[in-house]
Amino acid sequence: MYCPKCGTQNEDNAFKCVQCNTVLRSAIATSSTQNIVFFMAIGSLILGILSIVTCFRVFASIPAIILGFNVKKKNKLNPAPLESAIATLGIIFGIIGSLATLFNILVFWSFRRYFL
Ligand SMILES: [Zn+2]
């Protein structure tokens, strides 16, 4: 890899630049951030799906949307199309889950005399 400060070529796994001693490990930090973003995106997707298929919609749909938007925010600094796509799905499912919750409440409210 090339040193971001002085441009000297270093070993790919070098910890510091041989020329200027700049720490070069940011690439590894980036990949672990990428893993976190990936898990956040998957989490968003799973919560989004749960928000549609389970009764505990609100508890899954809101975190799905929040996680999804966090992935999008991190994605601006560090573009990752796959994570972005997964997060988009998570947000969409989360929104569907939220709408379904609202719909359930409305239906329940409209027909409450049949339920109670
Ligand atoms: Zn350097």
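A residue here is buried if 20 or more other C-beta atoms (placed from the backbone) lie within 10 Å of its own, exposed if 12 or fewer, and partly exposed in between. This is a predicted model, where local features need pLDDT of at least 70, side-chain atom pairs count only at pLDDT 80 or more, and totals for chains, interfaces and linings use all residues. Numbering starts from 1 along each chain as its sequence is written.

**View 1. Asn21, in the segment before H1.** With 12 C-beta neighbours inside 10 Å, Asn21 counts as exposed. Its phi is near 65°, a positive value in a residue other than glycine.

**View 2. Leu45, a residue of helix H1 (residues 26-53).** Helices are DSSP runs of H or I with at least four residues, numbered from the N terminus. Leu45 has 24 other C-beta atoms within 10 Å, so it's buried. Skipping neighbours within four places in sequence, Leu45 is in contact (C-beta atoms, placed from the backbone, within 7 Å) with Ile86, Leu89, Gly90 and Phe93. Ala85 sits 40 residues away from Leu45 along the chain, yet their C-alpha atoms are 9.9 Å apart.

**View 3. Helix H3, residues 81-110.** Expected span is 1.5 Å times one less than the number of residues. Buried residues of H3 include Ile86, Gly90 and Phe93.

**View 4. Helix H4, residues 112-115.** Among the chain's elements, H4 has the lowest mean pLDDT (78) and H3 the highest (90); pLDDT is the predictor's confidence in each residue, from 0 to 100. The chain's mean is 85, with 90% of residues reaching 70 or more.

Technical notes: Helices (H or I, at least four residues) and strands (E, at least two) are DSSP runs, numbered from the N terminus. Two residues are in contact if their C-beta atoms, placed from the backbone, lie within 7 Å.
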